[in-house]
Structure formats: structure tokens, C-alpha cells
Amino acid sequence: MKLVRLLANLGYGSRKDAEKLLRSGIVTNTNGSPYGPKDTADHQNVLINGELLDPLSPLVLIINKPTDYTCSTDDPGKTIYDLLPPRFSKRNPGLNSVGRLDKDTTGLLLITDDGKLLHRVIHPKSHCPKTYHACLDRPLSGNEAEIFSSGTMMLESETRPLLPAHLTQLNQNEALVTLHEGRYHQVRRMFAATGNHVTKLTRISIGELKLPHDLPEGEWRILSPEEISLILNTPNLSIPSPNTQSD
């Protein structure tokens, strides 16, 4: 691929910007020899200021989302894309969040330019499990696990029951909840329906991919192929069978 096009696709600027970079001499091969505007090269042999280029598509990022950040570029205020290098917003194909976390929810969030992966994770029929750590305002009553797993629980203003969800009580005021669907503010609304209030909510896993302990809030990194393969794996939990689903 021509370097001008390669650099533009990776978000290093427009084609004119890429040409300027190539004329400046900071784009070199691994031996330090500069490339020119008309050159072609393999991605792995190109450096900018001595650093390797960003990865090609498909790219999958993991972010430990902090509070007060939204997942849409249409929302006012801070967005998750502000946590990434500015050039990432100019990549072609573009990056999108894999589902969303609301402004007050923290934790594991995926961002990718891989449309197939995004579709497989968020499509309702995939039932990709997502686990949340919920801190509650009042002690659990003890029957939440039964209610959540019943497959008959209804949320206010909805006409379709929730798919069975798995709850593990950690202590009086904390629990893990695993969902196989993603309705609006679902975990918060489920606890509200039982007379409780979520004070803090953190997503800790998608499939078998867990939020890394060494990834601070607000930080991100690129996922390895091995980590990506964990996303669509499902933990050994009770997953709704097709004949009990509501489409």
C-alpha cells in the first residue's frame, strides 16, 4: 500500500498531512532510512519518530471507563473517545464502542473497527454474557437471585419479561449480576424493582474477558488475539435456551 494512503487510513492526518509527514523525514524504515511521498512499504517496516505505526484494522481496544464519560460522540461533555489519541478518531474504518455504558457506570468497555465482532457481541440473539459488580444503598433481602433468574421479571413500562439473569451475593450490600441481554439501565432498574438502589455499578467482564486489575480507570490498551477470543466464550452459567426466548 502507498504510504500516503496507509498513514491517512490510520488517522495520522489527511493525505496532504501524510505527504507533509513523509517530506519531513520522520517517517522511516526500521533501519532509519526516510520514506518519500511516493513510496510504498509494509506496515510492520514503518516508523514515525522511531515508533511503530498503530495497528491495522481490525483493532480492538479495552478501556476501563471512568464515571462522567459518555459513549456517544453526539452527547455533550466528555466522551470515551477523549481518552484515546486524537488520531484514532480519524481512522478508516472508524472506531465504535461495543454497546454502551451509561455516564455513571464504570468498567470494561470495548472499542473496535471490527463490525463483525461488534455485531456478534451486541446482537440480542448472541446472549453474550456481561457481568456487573453492583453496590447497593440497602441490604439485599435474599430473594433477588430467585427473582432475577425466574425469566418472568418485568421492568416498568416494558411488555416483555427479562431473560434469566444470574446473581451472586458478595455481602449485604454488594452483588455480581450476569446478564444475557442489554436493556436500558437494566441492572439499575432490576434492583429498583426490588426496592433497592444501585450506588455504584462496574462492568467486570464480557464473555470470559475480564477487566484487567492492572488497567486503571481512564486507561486503555490494545487487546491481543488471545484476549479477543475470550470475548465470545461464555462462562459456565445458566444461559437461556432458544425455546424460552422472546424475540
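Modeller: Residues are numbered from 1 along each chain as its sequence is written. In this predicted model, local features need pLDDT of at least 70 and side-chain atom pairs count only at pLDDT 80 or more, while totals for chains, interfaces and linings use all residues, and side-chain values use heavy atoms, with hydrogens and water left out.

Biologist: Thanks! Why is Lys2 called exposed?

Modeller: Exposed means over 50% relative accessible area, buried means under 20%, and partly exposed lies in between (1.4 Å probe, protein chains only). Lys2 has 54% relative accessibility, so Lys2 counts as exposed. Lys2 sits in the segment before α1 (3–9).

Biologist: And why is Glu227 called buried?

Modeller: Its relative accessible area is 18%, so the label for Glu227 is buried. Arg221, at 27%, counts as partly exposed.

Biologist: What makes Glu227 and Arg221 a salt bridge?

Modeller: A salt bridge is a side-chain nitrogen of Lys or Arg within 4 Å of a carboxyl oxygen of Asp or Glu. The closest N and O atoms of Glu227 and Arg221 are 2.8 Å apart, and the pair forms a salt bridge. Arg138 and Asp137 also meet in one, at 3.1 Å from N to O. Arg138 is partly exposed at 37%, and Asp137 is partly exposed at 42%.

Biologist: How many salt bridges does a search of the whole structure find?

Modeller: Nine. Among them is Asp113 with Arg91, at 3.4 Å between the closest N and O atoms. Asp113 lies in the loop between β6 and α3 (115–122) and Arg91 in the loop between β4 and β5, so this pair ties together parts that are 22 residues apart in sequence. Both Asp113 and Arg91 are buried.

Biologist: How do you know that β4 pairs with β6?

Modeller: Two strands pair if DSSP finds at least two bridges between them. Strands themselves are DSSP runs (E, at least two residues; helices are H or I, at least four), numbered from the N terminus. Six bridges join β4 (residues 60–65) to β6, and the two run antiparallel. Within this pairing, Asn64 has Leu108 as its bridge partner.

Biologist: Which way do β6 and β10 run, parallel or antiparallel?

Modeller: Parallel, with three bridges joining β6 to β10 (residues 198–206). There, Thr106 stands opposite Thr202.

Biologist: What makes strand β6 mostly covered?

Modeller: Eight of the eight residues in β6 (residues 105–112) are buried.
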